[in-house]
Amino acid sequence: MDRDETHAPAEPTRPVVTGRPLPLRVAVPLAVAAGLALLVAFPPYGVWPLAPAGVALLAAATHRRRLRAGAGLGFLTGVALFAPLLAWTNLHTGYLPWVLLSLLQAGYLALLGAATAWVSPLVDRVRWSWPVLTGLLWVGQEALRDRTPFGGFPWGRLAFSQDTSPLLRLASLGGAPLVTFAVALLGGLLVTAAWRTWTTLRPSTLIDPTDTAPTVDGADAAPATGSSARRWTPVAVPAALAVALTAGALLVPVAAAGSGATVTVAIVQGNVPRLGLDFNAQRQAVLNNHVDATLELAARVAAGQQDQPDLVVWPENSSDIDPLRNPTAGARISQAADTVRAPILVGAVLLGPGAGQVRNAGILWRPGTGADMDQLYTKRHPVPFAEYVPLRDVARMVSKQVDLIRNDFVPGSTPGVVRVGPAVLGDVICFEVAYDAVVRDTVTGGAQLLVVQTNNATFDVAEARQQLAMVRLRAVEHGRPALMASTVGVSGFVAPDGRVSDATGFNTREVVVRQLRLDDGRTLATRLGWWPEVMLAALAAAALVGAAVVRRRQRIMPG
């Protein structure tokens with residue numbers, strides 16, 4: 001063997017990443033800007049393109065950071081997003097519940113920030129994996145936040161910021177998780193393009209000046225040779241893909257109208273004498289408002305000024321006096337149903353089944369016969385610390401306001417499938433519209449029309465519009481006409497393609513009537529159910545494991 005061959009240098013190993021993260025003086029403002037961009041993407045602002053921009057800013061801020069720093073930056077983003085997004089929770093209950101809820105939700109973005117930092121070696125090894133990893137981690141974070149603790153709180157999901165976006169159409173394929181994935185994927189494409197732009201324009205501020213070795217894909221080093229077009233390809237390609245994905249979503253077909261029978265539905269928004277928690281003290285007045293508004297509707301029908309409705313929908317808490325136990329309340333609702341000559345879906349608070357327990361229910365009240373006990377839906381997902389108090393003794397040490405909830409609401413056990421006659425309703429109550437399974441169960445149970453009964457009297461118009469955005473997504477997700485009936489607004493109808501009609505004002509008394517075409521079909525999202533989220537979350541977990549393997553190999557790689 002030749003002497004030179006015996007001493008030939010070994011095959012060089014693939015270099016490890018030695019690039020540095022963005023300076024903290026840059027990363028901290030980026031993290032805050034990420035939260036504010038995400039905030040403005042949601043109603044009432046509704047600038048949906050800022051959602052992927054916010055995702056990109058957070059991804060850039062946390063890339064290559066230590067886990068604690070990534071968590072801290074994610075927490076800053078979470079506070080900047082959730083504190084103002086959830087400001088409606090402090091309107092009538094004081095600041096403490098709002099602060100605690102905002103900090104809790106921000107904690108999940110802290111986990112996301114840490115996870116984003118953790119997968120940085122994967123990103124640096126294969127830069128084109130950045131968009132997909134970003135999308136997977138966001139879905140995984142939301143899957144956890146939607147379920148923990150006490151059943152989770154899905155408010156502020158990326159998908160719910162896209163009610164006017166082309167990406168909304170993707171809900172018909174994979175529901176809210178797929179929309180969230182698409183938004184975060186766009187953010188990943190943006191940060192992939194922007195990172196190359198930053199490192200090309202100002203490499204000395206973004207790369208360790210003592211690091212002469214290129215990163216594994218050379219993404220942080222401007223090429224010494226080659227054409228200008230080749231240099232900017234890593235910038236132009238992800239940016240073009242982001243535009244193509246957004247525009248391509250317009251090609252996803254959604255139903256413009258149902259294919260079944262036509263029904264005429266009236267929404268009665270009776271309003272309350274005063275906004276705030278004391279709507280309970282006004283419960284007789286609130287019931288009277290809804291009865292009187294229905295009687296006025298009946299008068300217009302009798303005069304030929306309005307079509308005869310097949311169904312009238314009252315909102316949540318339209319009768320906080322149990323009409324099954326209070327003869328006066330029951331008689332007033334019967335008067336309304338008999339006069340309008342149509343069944344009324346009443347949002348009622350019912351006592352029982354046990355002592356000190358109540359139920360938040362939608363009950364069908366038929367003309368001539370009254371309450372139909374076979375068509376009764378009890379809210380399956382009561383809101384913790386608002387409709388029931390878990391760990392009451394512990395919670396009381398934090399705030400004595402928990403004792404305002406004297407009776408715990410008990411959950412129902414069956415989906416909200418209510419059969420009216422001409423239509424099968426999928427009834428969900430208030431915040432339940434944010435939970436994928438609660439809505440889907442009504443559709444798989446036969447619902448042809450989605451109905452969201454809600455009470456926004458303790459909140460504000462921003463919360464109401466955020467909730468309406470969720471209704472729009474559910475309509476597209478399941479290819480169903482939908483409506484939201486609120487005590488004070490916003491109420492309105494939503495077509496299966498997400499378009500809103502007859503939206504009411506806030507804190508007003510209004511009645512809107514519309515013909516709706518029912519639908520019995522099932523979208524791909526309905527048929528797939530929770531599987532898109534399961535698969536995406538599982539891939540997110542796999543990415544975290546893969547990053548651990550890469551990190552271990554980097555530690556043991558000979559220097």
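**Notes on the predicted model**

1. Leu173 is partly exposed, at a relative accessible area of 32% (under 20% is buried, over 50% exposed, in between partly exposed; 1.4 Å probe, protein chains only). Leu173 sits in helix α8, residues 171-201 (helices are DSSP runs of H or I, at least four residues, and strands runs of E, at least two, numbered from the N terminus).

2. A word on the model before going on. It is a predicted one, where local features need pLDDT of at least 70 and side-chain atom pairs pLDDT 80 or more, while totals for chains, interfaces and linings take in all residues. Residues are numbered from 1 along each chain as its sequence is written, and side-chain values use heavy atoms, leaving out hydrogens and water.

3. Leu173 also belongs to a nonpolar surface patch of about 640 Å², together with Leu524, Leu528, Trp530, Trp531, Val534 and Met535 (members have over 30% relative accessible area and no salt bridge; nonpolar side chains are joined within 5 Å, like charges within 9 Å; areas are Shrake-Rupley with a 1.4 Å probe). The elements giving two or more residues to this patch are α16 (524-528) and α17 (531-556). Of the contributors, α17 gives the most, with 3 residues.

4. On to the charged pairs. The whole structure has 17 salt bridges (a Lys or Arg side-chain nitrogen within 4 Å of an Asp or Glu carboxyl oxygen). Have a look at Asp163 and Arg472, whose side chains meet in one of them at 3.2 Å, N to O. Asp163 is in the loop between α7 (130-145) and α8, whereas Arg472 is in helix α15 (residues 461-478), so this pair ties together parts that lie 309 residues apart in sequence. Both Asp163 and Arg472 are buried.

5. Glu387 and Lys379 form another salt bridge, 2.8 Å from N to O. Are the two partners buried or exposed? Glu387 counts as buried at 9% relative accessibility, and Lys379 counts as buried too, at 2%.

6. The bridge between Asp322 and Arg325 has its closest N and O atoms 3.5 Å apart.

7. Arg157 and Glu142 are 15 residues apart along the chain, and their C-alpha atoms are separated by 6.7 Å.

8. Two packed helices are described by the angle between their axes and the distance between the axes. Helix α2 (residues 24-41) packs on α3 at about 160°, the axes being 8 Å apart (axes are lines fitted to C-alpha atoms over the stretch in contact, and angles run from 0 to 180 degrees between N-to-C directions). That makes the pair α2 and α3 roughly antiparallel (over 145 degrees; under 35 is roughly parallel, 65 to 115 roughly perpendicular, the rest oblique). The α2 and α3 crossing is left-handed (the near helix is turned anticlockwise from the far one by less than a right angle; clockwise is right-handed).

9. Then comes helix α3 (residues 50-62) against helix α4 (residues 67-85), with axes coming within 9 Å and crossing at roughly 155°. By that angle, α3 is roughly antiparallel to α4, and the crossing of α3 and α4 is right-handed. In the loop between α3 and α4 is Arg64, which has a positive phi near 70° despite being a residue other than glycine. Arg64 is buried, at 12% relative accessible area.

10. Asp502 is not a glycine either, yet has a positive phi of about 55°; Asp502 lies in the loop between β12 (500-501) and β13 (510-517) and is partly exposed at 33%. A cis peptide bond joins Gly352 and Pro353, with omega about 15°, and Pro353 is in the loop between β3 (344-351) and β4 (357-366). Another cis peptide bond joins Gly489 and Val490, with omega about 5°; Val490 is in the loop between β10 (482-486) and β11 (492-494).

11. Last one: where is Arg406? Arg406 is in the loop between α13 (392-398) and β6 (408-409), exposed at 71% relative accessibility. Val358 is 48 residues from Arg406 in sequence and 10.0 Å away in space, C-alpha to C-alpha.
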